[in-house]
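Dear colleague,

Please find the structure below, together with its sequence. My notes on what was found in it follow.

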Amino acid sequence: MNKAVTDAVELLKRLIATPSLSRDEARTAELISGYLAEHGAAPERLANNVWVRSDGFDPTRPTLLMNSHHDTVRPAASYTRDPFAPTVEGDRLYGLGSNDAGASAVCLIQTFLTFRTRKLPFNLVLAVSAEEECMGENGMRALLPALGHIDMALVGEPTGMQAAAGERGLVVLDCTAHGKSGHAARGEGVNALYIALEDIARLRSFRFERESELLGPIGIAVTQIEAGTQHNVVPDTCRFVADIRTTDAYTNEETVEILRATIQSDAVPRSTRIRASALGAEHPLMRAARAAGRTSYVSPTTSDMALMPFPSLKMGPGQSSRSHTADEFVLLTEIGEGIAVYENYIEKLALEYGKTLG
């Protein structure tokens with residue numbers, strides 16, 4: 001392994017050994033900030049988010065955000081090893097957060113350190129954020145205003161170093177059908193359960209007029225239902241939950257209003273902040289990905305891309321299928337590939353902006 005890969009692996013081991021569950025990432029924030037400072041950068045911190053600008057930052061040039069997260073989910077109950085003990089066995093490095101998204105974070109850190117003093121046709125901002133796993137108030141949502149103007153983003157998540165050009169958004173609707181209670185034997189009342197079933201049938205067959213070129217149709221799935229208190233009472237309320245996977249064809253707010261107009265039940269969104277992301281095929285981020293030999297696809301999972309109001313591409317070492325699983329691991333060779341691809345990608349992106357590296 002070359003020095004950058006060796007340094008990345010050692011930093012990842014330190015991160016694994018430092019618990020950083022969502023909303024409790026202060027120790028890894030301190031570790032990352034200290035590491036960047038030791039290597040000549042001047043990091044800043046907001047809550048448990050750490051960010052730093054490249055040298056010679058020029059506000060007249062476009063700015064690329066390089067982002068990954070350092071928080072983790074709680075370890076699964078079925079772990080057979082200590083989740084906070086970094087262990088290398090062959091090519092595997094085991095530990096909680098090794099794959100999601102520690103490997104991406106350390107590879108982006110090394111790539112930023114490599115390029116931070118080089119002349120590029122765009123600025124670099126590295127942000128290693130907190131609370132990604134819970135979409136918390138003090139993660140990317142709090143950090144974005146502090147970063148200033150951002151033109152585009154490279155988001156590090158485990159994608160096998162392929163280019164995720166988009167991901168669907170998410171709106172969860174809590175729906176309530178209203179009826180009137182009555183005695184079941186006498187056929188009295190208005191059965192809220194039947195109203196809910198009619199609405200569920202409408203949602204099941206509903207099709208939006210517009211469809212995303214990249215993400216396809218909006219997905220609607222009713223996933224929970226609850227009604228009634230006893231067998232002989234007609235229920236006056238029925239509650240059900242609809243999982244809506246949104247696209248860039250409509251805003252989340254537009255999607256909610258269209259569905260509200262389609263059903264009789266009340267529909268209240270839990271949140272509208274998890275938005276779809278779709279990157280155009282001719283955006284420089286995508287052209288650079290093709291030039292770097294990356295295959296594009298639509299990601300089935302969400303990330304902090306959902307909070308970014310600017311073009312973004314998701315790409316990082318590791319495999320999404322390992323995320324949130326017991327005995328999580330990443331391959332050492334994947335870390336080496338991650339740094340090599342990231343470096344090549346930055347060079348290709350610089351060429352897309354019509355300049356060569358200094």
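Predicted model: local features only at pLDDT ≥ 70, side-chain atom pairs only at ≥ 80, totals over all residues.

Residues are numbered from 1 along each chain as its sequence is written, and side-chain values use heavy atoms, with hydrogens and water left out.

**Helices H3 and H8**

The axes of H3 (residues 98-115) and H8 cross at roughly 45° and come within 9 Å. Axes here are lines fitted to C-alpha atoms, for helices over the stretch in contact, with angles from 0 to 180 degrees between N-to-C directions. The crossing is right-handed, that is, the near helix is turned clockwise from the far one by less than a right angle.

On the H3 side the contact (heavy atoms within 4.5 Å) is made by Ala103, Ser104, Cys107, Leu108, Gln110, Thr111, Thr114 and Phe115. H8 contributes Ile335, Gly338, Ile339, Tyr342, Glu343, Ile346 and Glu347. These residues divide into 8 nonpolar, 5 polar and 2 charged. In this scheme Ala, Val, Leu, Ile, Met, Phe, Trp, Tyr, Cys and Pro are nonpolar, Asp, Glu, Lys and Arg are charged, and the others, Gly among them, are polar.

**Helices H1 and H2**

The axes of H1 (residues 3-16) and H2 (residues 26-38) come within 10 Å and cross at roughly 155°. H1 and H2 are therefore roughly antiparallel to each other, and their crossing is right-handed. Asp7, Leu11, Arg14 and Leu15 of H1 meet Thr28, Leu31, Ile32 and Tyr35 of H2. By class, this contact has 5 nonpolar, 1 polar and 2 charged residues.

Asp7 of H1 counts as buried at 18% relative accessibility; buried means under 20% relative accessible area, exposed over 50%, and partly exposed in between (1.4 Å probe, protein chains only). Leaving aside residues up to four places away in sequence, Asp7 touches Tyr35 and Gln110.

In H7 (residues 284-291), the residues Pro284, Leu285, Met286, Ala288 and Ala289 are buried. Their cover includes the strands S3 (63-69), S7 (152-155), S8 (163-167), S16 (296-299) and S17 (312-314), as well as helix H8 (332-352). Just after H7, Gly293 takes a positive phi of about 80°.

Ser277 lies in strand S15 (residues 277-278) and is buried, with a relative accessible area of 8%. Residues up to four places away in sequence not counted, Ser277 touches Ala165, Gly166, Glu167, Leu215, Met305 and Ser312.

**The chain as a whole**

The chain has 8 helices and 18 strands; these are DSSP runs numbered from the N terminus, helices being H or I of at least four residues and strands E of at least two. Buried residues make up 51% of its 358 residues. Among contacts between residues at least 6 apart in sequence, 80% join residues at least 24 apart. The C-alpha trace spans about 80 × 45 × 35 Å along its principal axes.

With kind regards

How values were computed: Parallel < 35°, antiparallel > 145°, perpendicular 65-115°, else oblique.
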